[in-house]
Amino acid sequence: MTTKKALIITYYWPPAGGPGVQRWLKFVKYLPDFGVEPIVYCPENPNYPIQDQSLVNEIPESVTILKQRIKEPYALARLFSKGSTTKISSGVIPKAKKQSLIEKGMLYVRGNFFIPDARKNWISPSVSFLSDYIKTHHIDTIITTGPPHSLHIIGLQLKAALGLNWVADFRDPWTTIGYHKALKLTAASKAKHIDLEHKVLNTADHIIVTSTHTKNEFALKTEQPITVITNGYDAHEVKVEQKDMLFSLSHIGSLLSERNPTVLWEVLSELINQQPDFAKDFKLQLIGVVSDDVLETIYGYGLKDYVDVVGYVSHDEAIKFQMQSQLLLLIEIDSEDTKAIIPGKLFEYLISKTPILALGPKDADVAHIIANTQTGTYFSYDQKQALKAQLLTYFEAFNANTLKVNAQGLEPYSRKALTEKLSAIIKDC
């Protein structure tokens, strides 16, 4: 088999934690099986808001990893407010009416002085370093993955300078992503983002997105080929002896300020007050970074005694929670902009043998995946009574020891199958 080299330009790489790093860590793991030699370029001194040392062990020993120093503005911002900087860099942006003057200032500076994002200072040194490396090692294909979208600007400039093949991978949308509205962008800054997005979408040889909604959005902005390659699941050796003894509903991942379904908290409060058995057995587990706004709302519905705020855990620990829980909770912001968002954790949820309870906007891509794989139920925010009835149905199944899931059609979401799809794009470039 002829081997083709592909240079992957990524900001997130182990020991970075979270779902963003796992996408390309797994691609790198399986690309050699399909005749592609991956070469990874990442920062030498990144400012990762969360870290997971267990992911370091998954880096293939044979892969070439290139590193270049980066100037991180968040490191400087911590001198003024460590807490606010950590929250904002993690994506947890307080609601506007609760933002301190420091937080408002940080968001304004981040949005208008760092375009497209806080990693813009890495663009020029990366282009300089990679230009020489690419020519010396005869690489004809590069892949950039964002956010941060500064990495796509690296690809844009390398494409212009060297005329090589360029694949741009969008793990999330650019100008339509929810947090853009919180960055206090001026009209001029919004225009710069739109212009940069246009240049990337119309210069890259191939565009990869993670959802059908994003593909449809980008198809209105470019005639370049666009392929959907979702995130996925990988085989693991994590085992648990038994499920939780309590009726545990577990959310794994970040709960941002706007990812706050009051309808669910209201339903849970009613069930606790109306069903003594439910109150006795119920537990809400929050594993990951949780916004203070979300906790305040949950506690406001009288749920404090039923909540276990676990915080961030390693990837293996997260898988254990998925397998031990009685129900897995997936929440997305109720907005047109979030229909395209498919959280990476969904795919691990799919193979956990644990039913999924999901809330989000109507007609979201997540809803179709859950329905097609028969792995749970999905509700929009206006379906209070249906949500309440389903929770009672799940609780009755829990009491009868029949709360199970029989997933169907999961193979297309395996990391190896997704990597094969990626390899075909690389070879066709």
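## A buried ring

Is Phe282 buried or exposed? Phe282 is buried, with a relative accessible area of 4%; buried means under 20%, exposed over 50% and partly exposed in between, using a 1.4 Å probe and protein chains only. Phe247 is buried as well, at 1%.

This is a predicted model, where local features need pLDDT of at least 70, side-chain atom pairs count only at pLDDT 80 or more, and totals for chains, interfaces and linings use all residues. Residues are numbered from 1 along each chain as its sequence is written, and side-chain values use heavy atoms, leaving out hydrogens and water.

## Aromatic pairs

Rings of Phe, Tyr and Trp (its six-membered ring) pair if their centres lie within 6.5 Å; planes under 30 degrees apart count as stacked, over 60 as edge-to-face and the rest as tilted. The count by this rule is 16 aromatic pairs. In one of them, the centres of Phe247 and Phe282 are 6.5 Å apart with planes at 55°, so the pair is tilted. Strands here are DSSP runs (E, at least two residues), numbered from the N terminus.

Ring pairs also join Phe247 and Phe282 with Phe278, Phe395 and Phe398 in a cluster.

## The sheet around them

Now for the strands themselves. Six strands form an open sheet with parallel pairing, in the order β10-β9-β8-β11-β12-β13; two strands pair if DSSP finds at least two bridges between them. Between the parallel strands β8 and β9 there are six bridges, and Leu249 stands opposite Leu284 in β9.

How values were computed:
Helix = DSSP H or I, 4+ residues; strand = E, 2+ residues; numbered from the N terminus.
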